[in-house]
Amino acid sequence: MNAGRRATMKAVVIHRHGPPKVLQIEDVPIPSPGPGEVLIRVRACALNNMDIWARSGPPGGRPVFPWRPRAFPITTGGDVAGVVEAVGPHVDGWRPGDRVVVNPILSCGRCEFCLAGEQTMCLDYRIWGEHTPGGLAEFAVAPAQNLLRVPDHVPFEKAAVPAAYCTAWRMLITAGGLRAGEDVLVVGASGGVGTAALLIARLAGARRIFAVVGGPEKARKAEALGAIAIDHRTTPEFSAVVLERTDGAGVHVAADPVGAPTWVQTIRSLRRGGRMAICGASGGERPDFDIREVYQRHRRIIGAPMGNVSDLRAVMGAIFAGAIDPVLHTVLPLAEIRRAHEIMEGRQHFGKVVMVP
């Protein structure tokens with residue numbers, strides 16, 4: 001298939017907020033790469049919560065910060081791996097046929113944070129595929145500077161995970177400062193970020209990894225990855241289990257992407273001086289907790305949304321080297337995008353849901 005001989009492509013298009021039935025597969029024009037851009041033939045695109053929220057509207061009906069709504073119709077998809085199809089003007093180092101994955105972080109490159117190498121702190125921070133057209137399509141245009149080369153032996157489906165895995169790396173390693181021999185708690189351990197955190201904690205040499213999941217099947221899968229699983233459906237006060245298994249001390253580092261429903265228990269699971277890294281609030285963004293449980297025990301809460309280029313290169317390098325094998329729940333054709341959204345919204349998945357055109 002040669003994009004140069006075609007005028008249109010298949011893409012997932014959203015015309016209004018609503019349930020999964022609003023997702024449409026439509027013929028749309030194939031985009032052309034501009035200066036500094038490349039056209040990618042998409043071979044895999046993993047879903048993230050942002051894809052669900054772009055379709056359903058902001059969680060809880062309240063805008064996500066920074067919320068930059070795009071005019072309908074929109075096509076999302078920020079976790080893309082594929083093959084360079086064409087290059088625009090002023091692009092060096094890339095040519096058609098190159099296997100690539102897209103770094104979804106867009107930054108200005110000029111502010112004090114970008115100059116310090118902290119792209120997700122950028123004053124004009126955006127996400128490719130959320131604030132721009134994305135990769136739930138046969139082709140997508142991305143900045144050439146946002147590409148990483150994918151080795152031939154790495155399947156596209158397992159390369160299309162930069163957002164979740166970079167976020168988990170940032171939470172545990174860069175922000176959380178996890179060291180070998182420390183204990184870790186991962187809340188929401190069945191999601192994309194959660195399963196990534198389990199694998200990264202194991203790679204980092206964590207002594208014990210506690211995984212909070214929902215249901216016995218997910219618990220079995222977490223245990224197969226070397227974790228001590230806690231089913232929050234039967235044990236909502238999961239901090240009691242963590243404290244019992246650590247002789248009352250608690251964990252050194254906790255990763256909690258869930259938010260309001262779990263914050264109290266996550267904080268109570270921390271040892272004195274423990275670090276809690278947060279990247280989102282998929283379950284609710286306004287927790288109610290006693291701040292004395294933080295400062296009186298010298299605990300720290302650290303924001304860690306996504307990660308910088310160094311984080312991305314580190315975690316993708318581990319994936320390319322085979323040190324991390326991303327967990328995939330399912331791989332579906334683009335035509336089954338509604339089913340994919342239903343799986344995500346129903347929290348039926350353990351690992352990433354990946355679409356292939």
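This is a predicted model: local features need pLDDT of at least 70, side-chain atom pairs count only at pLDDT 80 or more; totals for chains, interfaces and linings use all residues.

Q: Where is Asp183 placed?
A: Asp183 is in the loop between helix H4 (162–175) and strand S10 (184–187). Residues are numbered from 1 along each chain as its sequence is written, and side-chain values use heavy atoms, with hydrogens and water left out.

Q: Why is Asp183 called buried?
A: Its relative accessible area is 2%. Buried means under 20%, exposed over 50%, and partly exposed in between (1.4 Å probe, protein chains only), so Asp183 counts as buried.

Q: What makes the link between the side chains of Asp183 and Arg208 a polar contact?
A: The two side chains come to 2.8 Å. A polar contact is a pair of N or O atoms within 3.5 Å; within protein, one must be able to donate a hydrogen and the other to accept it, and residues adjacent in sequence count only if both atoms are side-chain atoms. Asp183 also touches other residues, including Thr246, Gly250 and His252, where contact means heavy atoms within 4.5 Å.

Q: Which residues of helix H1 are buried, and what do they pack against?
A: In H1 (residues 49–56), the buried ones are Met50, Asp51, Ile52, Ala54 and Arg55. They pack against strands S1 (8–14), S2 (23–29), S3 (37–46) and S7 (126–127), plus helix H11 (337–345). Gly57, with a positive phi near 100°, follows H1.

Q: How many aromatic pairs does a search of the whole structure find?
A: One.

Q: Why is the pair of Trp263 and Phe289 called tilted?
A: The ring centres are 5.3 Å apart and the planes are at 55°. Rings of Phe, Tyr and Trp (its six-membered ring) pair if their centres lie within 6.5 Å, and planes under 30 degrees apart count as stacked, over 60 as edge-to-face and the rest as tilted. So 55° lands in the tilted class.

Q: What does this pair tie together?
A: Trp263 lies in helix H8 (residues 263–268) and Phe289 in the loop between strand S14 (270–278) and helix H9 (292–295), so the pair ties together parts that are 26 residues apart in sequence.

Q: How do you know whether Trp263 and Phe289 are buried, exposed or partly exposed?
A: Trp263 has a relative accessible area of 12%, so it is buried. Phe289 is at 26%, so it is partly exposed.

Q: What makes the charged end of Arg99 sit over the ring of Phe156?
A: It is 4.1 Å from the ring centre. The rule asks for NZ of Lys or CZ of Arg within 6 Å of the ring centre and within 35 degrees of the ring normal.

Q: Why are His90 and His298 called exposed?
A: His90 has a relative accessible area of 72%, so it is exposed. His298 has 61%, so it is exposed too. Phi of His90 is positive, near 65°, and phi of His298 is positive, near 60°.

Technical notes:
Helices (H or I, at least four residues) and strands (E, at least two) are DSSP runs, numbered from the N terminus. Lists of a residue's contacts leave out its neighbours within four places in sequence.
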